[in-house]
Amino acid sequence: MTTLKIGIVGCGVGGMAAALALARQGHAVTLLEAFEQARPVGSGLLLQPTGLAALRALGLEDAVRAAGAAVQALIGHDSRGRRVMALDYGDWRPGAHGVGIHRAALFDALHAPLAPAGVEIVTGARITRLENTARPALHDAAGRAFGPFDIVLVADGSASALRATLRPGARAPVYPWGAVWTNLADPDGRFAGALRQVYHRAEVMCGALPVGRGPDGEENCTAVFWSVPVAGIDDFLAGDFAQWRDQRLAPLWPQLAQAFAGHDDWSGFSRAIYRDVSVGRWDAGACALIGDAAHGTSPQLGQGGNLALVDAVELADRLAATPSPAALKGWQADRRRHTGLYQLASKALTPLFQSRGWFWPAVRTFAFTPTSRLPGFKQVGVRLLTGTLRLGRFPRVTRP
């Protein structure tokens, strides 16, 4: 097999998955990370059957399942107790489920096998410049040069510093709404088995996701999020914690507020900001965008990590058949048929759950909510949830 020299920018989910898959095929892979010590960012995420299939191809599914928690359904209610959605994985396939997992546990599962697979990991390399897309070389902020490479994959997230170099017309505006996240111990399993959400109009969206093992190895943890306008996140986290817990959270979700009874400040909370990434084609010469750098969205459908995993494994499969930069064109065209559906659906659904005013919540209540219970629409909803809605078939390597 032809051995390629491949540079990957970014040590996130997509970057690490691509590095591992390609190194195991015998390619010489260099993974460049901006931080001095690579680390996970964020709290919990929900792995769907598509992401789990990609992890299976990497030989990591069992480890990830052991670290995470089974999620059988997505359940949402509004502040008046009306059911907004109830999507059950069993309506897709009997016995199917997702896996909630803390980002630290997923990071560890992907990072640990990199060095044994032969991946060269370079930390403290904040890549600021890419030159010659036909035979690309990378330059970092310290003046170091890496390459030239046969292929470069840009996996530096939705706020990618290199995206505009490859696709000058790309747009990535910040979503007006972000979130704050934290991790809670759930020894009694009060939040087990489902991703639960509560909405107050569309101005508040609160959720609890069981994630299994926590960042410090603690068991039975739940990731909790609360949506906040991006412009107000700093003020929110500078506010009175007890007042938020008792006056804002408790009326919406008393059980969750009780779980915060031992907390008296915002320690352990992190912020999340999202971008709506639109780039057109992902490739340019021997370079390509991957993961959120190519198709970041709002978190409404929770597909970011899953789409990045599928990107990585399907690219490795393409390069196994055609070990040259020519494989990038067909790969990105096929992947865009999958990711484009989720970008479109995310953009359409986000105002129903994160916006101001009465109009979009009214649409959700009087149109979206009843319609989502109808058999045909319910199946579409479950396909969206599981990540299996796609134009065309999944390749063998990532078939759920």
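**Exercise 1.** Sort the residues of the lining of the largest cavity into nonpolar, polar and charged.

Solution. The model is predicted: local features need pLDDT of at least 70, side-chain atom pairs count only at pLDDT 80 or more, and totals for chains, interfaces and linings use all residues. Residues are numbered from 1 along each chain as its sequence is written, and side-chain values use heavy atoms, without hydrogens and water.

Step 1. On a 1 Å grid over the protein atoms alone, a cavity is a set of points where a 1.4 Å probe fits but cannot get out, and lining residues have an atom within 4 Å of a point. The lining consists of Asp292, His295, Gly296, Thr297, Gln303, Gly304 and Leu307.

Step 2. Helix H9 (292-295) and helix H10 (304-321) are the elements that give two or more residues to this lining.

Step 3. The lining divides into one nonpolar, five polar and one charged residue, with Gly counted as polar.

**Exercise 2.** What volume does the second largest pocket have, and which element supplies the largest share of its lining?

Solution. Step 1. A pocket is an open set of points with protein on both sides within 12 Å along at least five of seven lines.

Step 1. Strand E15 (221-229) and helix H7 (241-252) each supply at least two lining residues; the largest share, four residues, comes from E15.
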